[in-house]
Amino acid sequence: MALNQYLILSAFLFCCGVYGVLARRNGVLVLLSVELMLNAVNINLVAFSAFTSHVAGQVFALFVITIAAAEVGVGLAIVLLIYRNLRSPDLDRVDQLKG
Amino acid sequence: MTSQNVAFWILAIAMGAGAVGVVRSRNIVHAALFLIVVLVGAAAQYIVLLAEFVGITQFFIYIGAIAVLFLFGIMLTRAPMQAGDFDNDQRWPAVMVAAFLFVVLVALLVQAFGHDEIQLTDKLLEASRTGPVADSIFRNFVVPFEVVSMLLLAALVGAVVIARRD
């Protein structure tokens with residue numbers, strides 16, 4: 001199995017995530033795209049761990065999974081608060097700091 | 001064409017389709033379900049790469065907790081369940097940025113790792129079992145482990161504080 005297969009798959013997932021973060025208007029959809037990016041990074045880490053037979057890549061993948069869980073918790077709490085204050089999950093309406 | 005290669009390609013096509021579905025779906029629940037497709041594909045890829053503990057953790061944490069949390073968040077923010085337009089005005093600049101990034105990444109990866117092969121040896125299998133992974137966490141990476149535990153606690157308390165009604 002070529003190493004590049006995994007790396008290019010990871011790059012594709014990451015770029016889909018980048019597009020989603022930039023182009024989506026709903027806060028939950030932006031968080032879904034961030035999860036896509038984190039999964040792309042995890043695939044990269046585990047592929048390199050298999051390539052070098054070093055287990056450190058898998059350990060870091062576990063840490064990334066943990067941090068993703070924490071980030072989703074806080075992110076969804078923020079989205080909930082935005083919805084509660086603005087009555088709409090639309091991120092384009094969060095513009096009170098705009099000049 | 002080994003069996004791992006066949007498994008990789010089936011999973012990769014499913015994950016690619018799921019990723020495009022996440023960012024292009026017009027229904028928010030469908031986007032969350034497409035993400036679950038991507039997460040399951042990733043867990044299966046980890047098992048193909050002999051990373052059994054990471055694969056099972058992916059199932060438990062990502063699919064079992066994070067995806068369910070997303071579905072709850074969708075429900076609690078009364079997200080429109082029918083088809084809606086969720087794209088803002090920056091769709092075409094976003095496509096250009098993502099496409100440019102992808103082209104640059106693929107060019108660099110092919111140039112740097114074009115000839116490298118992953119060998120799924122018995123040594124890798126023995127090193128990737130849950131025991132050696134746990135040994136590595138609690139010997140070499142115990143400080144990051146403790147820091148991540150504190151971070152999880154802070155995130156948990158912070159999420160409750162942010163979302164509470166007062």
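Colleague: What pattern does chain B follow, read along the sequence?
Modeller: Chain B reads α-α-α-α-α-α-α. Helices here are DSSP runs of H or I with at least four residues and strands are runs of E with at least two, numbered from the N terminus.

Colleague: And how many helices and strands is that for chain B?
Modeller: Seven helices and zero strands. Before you go on, some ground rules. This is a predicted model, where local features need pLDDT of at least 70 and side-chain atom pairs count only at pLDDT 80 or more, while totals for chains, interfaces and linings use all residues. Residues are numbered from 1 along each chain as its sequence is written, chains are lettered from A and ligands numbered from 1 in the order in which they are written, and side-chain values use heavy atoms, with hydrogens and water left out.

Colleague: How much of chain B counts as buried?
Modeller: 34% of its 166 residues. Buried means under 20% relative accessible area, exposed means over 50%, and partly exposed is in between, using a 1.4 Å probe and protein chains only.

Colleague: Onto the core. Which residues have the most contacts inside the largest nonpolar core?
Modeller: Tyr6(A), Leu36(A) and Phe70(B), in a core of 65 residues. Such a core is a set of buried Ala, Val, Leu, Ile, Met, Phe, Trp, Tyr and Cys residues joined through side-chain atoms within 4.5 Å. Helices from both chains supply at least two residues each, including helix H2 (27-52) of chain A and helix H4 (91-113) of chain B.

Colleague: What does Leu36(A) touch?
Modeller: Leaving out residues up to four places away in sequence, its partners include Leu13(A) and Cys16(A), plus Ala19(B), Val22(B) and Leu35(B). Contact means heavy atoms within 4.5 Å.

Colleague: Is Asn39(A) buried or exposed?
Modeller: Buried, because its relative accessible area is 0%. Asn39(A) sits in helix H2 of chain A. Not counting residues up to four places away, it touches Leu39(B), Ala42(B), Tyr46(B), Gln58(B) and Tyr62(B).

Colleague: And where is Leu109(B)?
Modeller: In helix H4 of chain B. Leu109(B) counts as buried because its relative accessible area is 14%. Beyond neighbours within four places, Leu109(B) contacts Asn4(A), Leu7(A), Ile8(A), Ala11(A) and Gly114(B).

Colleague: Switching to backbone. Which residue other than glycine has a phi near 55 degrees?
Modeller: Ser53(A). That residue lies in the loop between H2 and H3 of chain A, and it is buried, at 18% relative accessible area. Leu50(B) has a positive phi too, about 70 degrees, and its place is in the loop between H2 and H3 of chain B. Most residues other than glycine have a negative phi.

Colleague: Why does Leu50(B) count as partly exposed?
Modeller: Because its relative accessibility is 22%.

Colleague: Last one: what does Phe53(B) touch?
Modeller: Leu62(A), Thr130(B) and Val133(B), not counting residues up to four places away in sequence. Phe53(B) is in helix H3 of chain B and counts as partly exposed at 30% relative accessibility.
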